[in-house]
Amino acid sequence: MSKLMGNAPSRNLWVDYLKSAITVLVVAHHAALAYTTFAWFDDKVYINSTHAVVDKERWIGLDVFVNFNDIFFMSLMFWIAGLYLYKSIDKKGRMLFLKDRVNRLLIPFFVAVTVLMMIAYFPAYYLSHPTINPIAFVKDYFTTERWPVGPPWFIWVLFVFNFLLLLFYPIVRRFNAAALARYFQRQPAACWLFLFAISWLLYVPVAYKVGAGTWTGLGPFDFQLSRLLLYFGYFVLGVFTGKTNFNAGILAAGGPVTRNWKTWIILAAAVFVVLTLVSPRLAMLVKSGRLTAFNGWMIYYALYVASCVCSCLAFVAGFRRHAHTSKRWWNSLSDNAYLIYLLHFIFINWVQFCLLNIRMPAIFKFTITFVLALALSWLTSIVLRRIQLVRKYL
């Protein structure tokens, strides 16, 4: 995964382990989508469905799990993705860095959306058209479904962010990130308020205008319009964090941000619980006319943004504080995280498809899907990375 996020001049174990842990959360997130109570399947245009495969077995507990992940984990992924890029450009130069990004991001993206996602979405096509007709499937994939991007959307958006960083590199180079980091190092509450304000400004107005779940794009270049600025903001924050000596500065092992890792975890859990419990109450107040839709929306998304910030800080501080002992299995997970990210959707959809007609509680189906998808994508990655050409890019 370090090749996806940028090659670190010096390896940080806790960052590697954090990246791979978020990748595992991505796998679990997609494994849960077939079994949420809000899942639905469009049997005419499957790409309009909430997920490629939707089971009749549901469990509301997976709704909670999916919502928790969805609030923060991609923002955190973009923050991590920006962490080593400034020093990488500084070391390689802009042209060599761009070539590296094309090789490690753009080329794998096109392979993923043209080959891997086609394999991954075949169960969805079969559920829509109960026939095995490869020509009809390929035609439907590129026309009716409009070349669906799936999870690799993150990779092409990350490439664009990398390219923008190259364009504005002279400005980034002049910015004194160290002074700001020193202030936040001493004032963790101010750090939280800053992250909350930035997150709110970059997300809430846009989401209110275009809709919180709005996606757009052309062909495989699909992205969530409501969150594009939020993701770019976290990417930039990652770049500026990486411009400093963050392991000895703002994220020092004994510093206030890291030292308060328990506080961040408690806050993350508390804010998310409040968000989950208050949501139906707000909807009821709006429906009864006792609260305007605008005010209800703003209250909900203020809590939403607070949950995002607290969860990000909880994961960062928790891993900075505790992930300091190298473990062989976790090293392997980190080394293979990028390919796991690219491959897992295939195994997710096919396992879910095979479980459709088996009577079993949703939690068991989710567990089977998650374990098999993670294990099979991990094993496949290990095998593929023995091929020199694959290892060169991934």
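Which residues form a nonpolar patch on the surface? In this predicted model, the patch is made up of Ile107, Val111, Val115, Ile119 and Trp350, which together have about 390 Å² of accessible area. Helix 5, spanning residues 94-120, supplies the largest share of the patch, namely four residues.

**Overall fold**

- The secondary structure of the protein comprises 19 helices and two strands, and the radius of gyration is 21 Å, close to the 21 Å that the globule rule gives for 394 residues, so the protein is as compact as a globular protein of that length.
- Taken along the principal axes, the box filled by the C-alpha atoms of the protein is roughly 65 × 60 × 40 Å.
- Among contacts in the protein with a separation of 6 or more, 80% are between residues 24 or more positions apart.

- Val115, one of the residues of the nonpolar patch, lies in helix 5.

- Asn69 is placed in helix 3, which covers residues 60-82, and Asn69 counts as buried because its relative accessibility is 0%, under the 20% cut-off.
- When neighbours within four places in sequence are left aside, Asn69 is in contact with Leu25 and His29.

**The strand pair**

- Strand 1 (residues 215-218) pairs with strand 2 (residues 221-224) in the antiparallel sense, over four bridges, and within this pairing Gly217 stands opposite Asp222 in strand 2.
- The two strands form a hairpin with two residues between them, and in the turn Gly219 has a positive phi of about 60°.

**Salt bridges**

- Side chains of opposite charge can pair when their charged atoms come close.
- The count for this model comes to eight salt bridges, among them one between Asp43 and Lys44, whose closest N and O atoms are 3.9 Å apart.
- The two partners of that pair fall into separate accessibility classes: Asp43 is partly exposed, at 45% relative accessibility, whereas Lys44 is exposed, because its relative accessible area of 63% is over the 50% cut-off.
- Asp90 forms a salt bridge with Arg173, with the closest N and O atoms 3.9 Å apart, and this pair links distant parts of the chain, since Asp90 belongs to helix 4 (residues 85-92) and Arg173 to helix 9 (residues 169-174), 83 residues apart.
- Asp90 itself is partly exposed, its relative accessible area being 44%.
- Arg101 and Asp100 form a salt bridge in which the closest N and O atoms are 2.6 Å apart, and both Arg101 and Asp100 are buried.
- Asp100 and Arg101 also belong, along with Lys92 and Arg104, to a network linked by salt bridges.

Definitions and conventions:
Residues numbered from 1 in each chain as written. Predicted model: local features only at pLDDT ≥ 70, side-chain atom pairs only at ≥ 80, totals over all residues. Heavy atoms only, no water. Patch = residues over 30% accessible without salt bridge, like charges linked within 9 Å, V, L, I, M, F, W, Y side chains within 5 Å. Areas by Shrake-Rupley, 256 points an atom, 1.4 Å probe, with all protein chains shown as cover. Salt bridge = Lys/Arg side-chain N within 4 Å of Asp/Glu carboxyl O. Rg over C-alpha atoms; globule rule 2.2 N^0.38 Å. Contact = heavy atoms within 4.5 Å. Buried < 20%, exposed > 50% of the residue type's maximum accessible area, 1.4 Å probe, protein only. Pairing = 2+ DSSP bridges.
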